Amino acid sequence: MKKLLITGASGFVGGFLVEEALNRGYEVYAGVRNSSSKKYLKDDRIKFIHLDFGNKDKLKKELVAFAQENQSPFDYIIHGAGITKANRIQDYYDVNFHNTKHFIEAMQETNTIPTKFIQVSSLASFGPGNPHTLEPVNHHHTPRPVSSYGKSKLQAEEYFNTLTDFPYIILRPTTVYGPREKDLYTVFQMVSNGFEFYIGNKPQHLTFVYVKDLVTVTLDSLQSPMVRKSYFVSDGNSYLSSHLNHLIKKHLNKKTFKLTLPTPFVRALAFTLEKSFGLFGKTPTLNIERVKEFESTNWKVYTDDLFQDFNFKPQYDLERGVKETIDWYKQEKWL
Ligand SMILES: NC(=O)c1ccc[n+]([C@@H]2O[C@H](COP(=O)([O-])OP(=O)(O)OC[C@H]3O[C@@H](n4cnc5c(N)ncnc54)[C@H](OP(=O)(O)O)[C@@H]3O)[C@@H](O)[C@H]2O)c1
């Protein structure tokens, strides 16, 4: 059995990765912290491991100890651990860049490099596409991340690009949605409460990938001969934000009141929310850093190479994914 480490296993994407990796017959090691929730990691085939990405010397010892106890290091690694919202800007860089770099260096210095390493980056590392031409974001474009989250993910990607001997693949998912997801969920909640919100007057072109499709292509990429390549990940379509609201309304059978919020108002709201949540040590979905992403109008992405190289055939378009997500939110009484 091949040993697969999934970091960020306690997170939204991580939980689904663990489930599917078990289905595919891997010996799955869930990388978690003491404080991590194991709510969706109940399968007794899961093995847990604590790796301290913030401390390279400790991490090296942990990797060596694992390799000694198991006669070999991890065969495969999916590095999903990352921070998507934070109260301190430095946290994005510490977790998404420095911790990733420590991890790679620790493997190089202890001779524990796996056969394949998947770096879960984000479309945010490139930032939105040209709002006038509406050309999909593509590899040959100059990355222009608009948030610190995106900038920190880009910094990690730039580090990978300097590695000539490391068997990595970078995946850059666009917005991931599905059961258990808590950020896009706020849009479902608003529609459920009878409101449809838009930011500014320009139509927004959005892209999505359903979590199960992301998991499929991530695990397929692990076994592919591709190496030192990066891919944008979406279901291959682009959707207007009004279409997302329409589908949620349709499957919730709701009528809504449409509100278009001026951009300066949204920024002020993000500021207020961030300060209020900050009092309780939390970060809201609509925060100052991410507001520029929410305002951007072109999130179309190029995916031809993803579809070709991994024979990727998404099983979910937005309608099917929204319906399944709503079914889950209802079943769990989130809606
Ligand atoms: N969701 C999306 O729309 C989306 C889109 C593009 C890319 N991504 C990327 O996909 C990955 C997973 O995202 P997600 O939506 O599943 O996020 P999530 O639910 O917030 O999960 C993040 C995971 O990372 C772990 N983590 C955070 N800081 C850590 C640290 N310092 N040390 C070790 N583990 C740490 C968390 O552990 P705890 O449970 O202990 O906090 C959690 O398991 C991230 O790298 C994210 O950037 C997500």
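Among contacts in the chain between residues at least 6 apart in sequence, what percentage join residues at least 24 apart? The figure is 78%, where two residues are in contact if their C-beta atoms, placed from the backbone, lie within 7 Å.

Before I go on, a word about what we are looking at. This is a predicted model, in which local features need pLDDT of at least 70 and side-chain atom pairs count only at pLDDT 80 or more, while totals for chains, interfaces and linings use all residues. Residues are numbered from 1 along each chain as its sequence is written.

Let me start with the chain as a whole. There are 11 helices and 13 strands in the chain, where helices (H or I, at least four residues) and strands (E, at least two) are DSSP runs, numbered from the N terminus. The radius of gyration is 20 Å, close to the 20 Å that the globule rule gives for 335 residues, so the chain is as compact as a globular protein of that length; the radius is taken over C-alpha atoms, and the rule is 2.2 Å times the number of residues to the power 0.38. Along its principal axes, the C-alpha trace spans about 60 × 45 × 40 Å. Of the 335 residues in the chain, 41% are buried, and a residue is called buried if 20 or more other C-beta atoms lie within 10 Å of its own, exposed if 12 or fewer, and partly exposed in between, with C-beta atoms placed from the backbone.

Strand 4 runs parallel to strand 5 and is joined to it by 4 bridges, with H79 standing opposite Q119.

What lies across these strands? Within helix 4 we find S152, a buried residue with 28 other C-beta atoms within 10 Å. Leaving aside neighbours within four places in sequence, S152 is in contact with Y92, Y93, N96 and F97. The C-alpha atoms of S152 and Y92 are separated by 5.9 Å, although these residues are 60 apart along the chain.

Next, the ligand. It is surrounded by 23 residues, and the closest are G8, G11, V13, S36 and G82; a residue counts here if its C-beta atom, placed from the backbone, lies within 6 Å of the molecule. The elements giving two or more residues to this shell are helix 1 (12–23), helix 3 (89–110) and strand 7 (175–177), and the largest share, 3 residues, comes from helix 1. By class, the shell has 9 nonpolar, 13 polar and 1 charged residues, where Ala, Val, Leu, Ile, Met, Phe, Trp, Tyr, Cys and Pro count as nonpolar, Asp, Glu, Lys and Arg as charged, and the others, Gly among them, as polar.

Finally, two loop residues. Q71, in the loop between helix 2 (56–69) and strand 4 (76–79), has a positive phi of about 65° although it is not a glycine, and Q71 is exposed, with 6 other C-beta atoms within 10 Å. N111, in the loop between helix 3 and strand 5, has a positive phi near 60° and is likewise a residue other than glycine; with 10 C-beta neighbours inside 10 Å, N111 counts as exposed.

Notes
Pairing = 2+ DSSP bridges.
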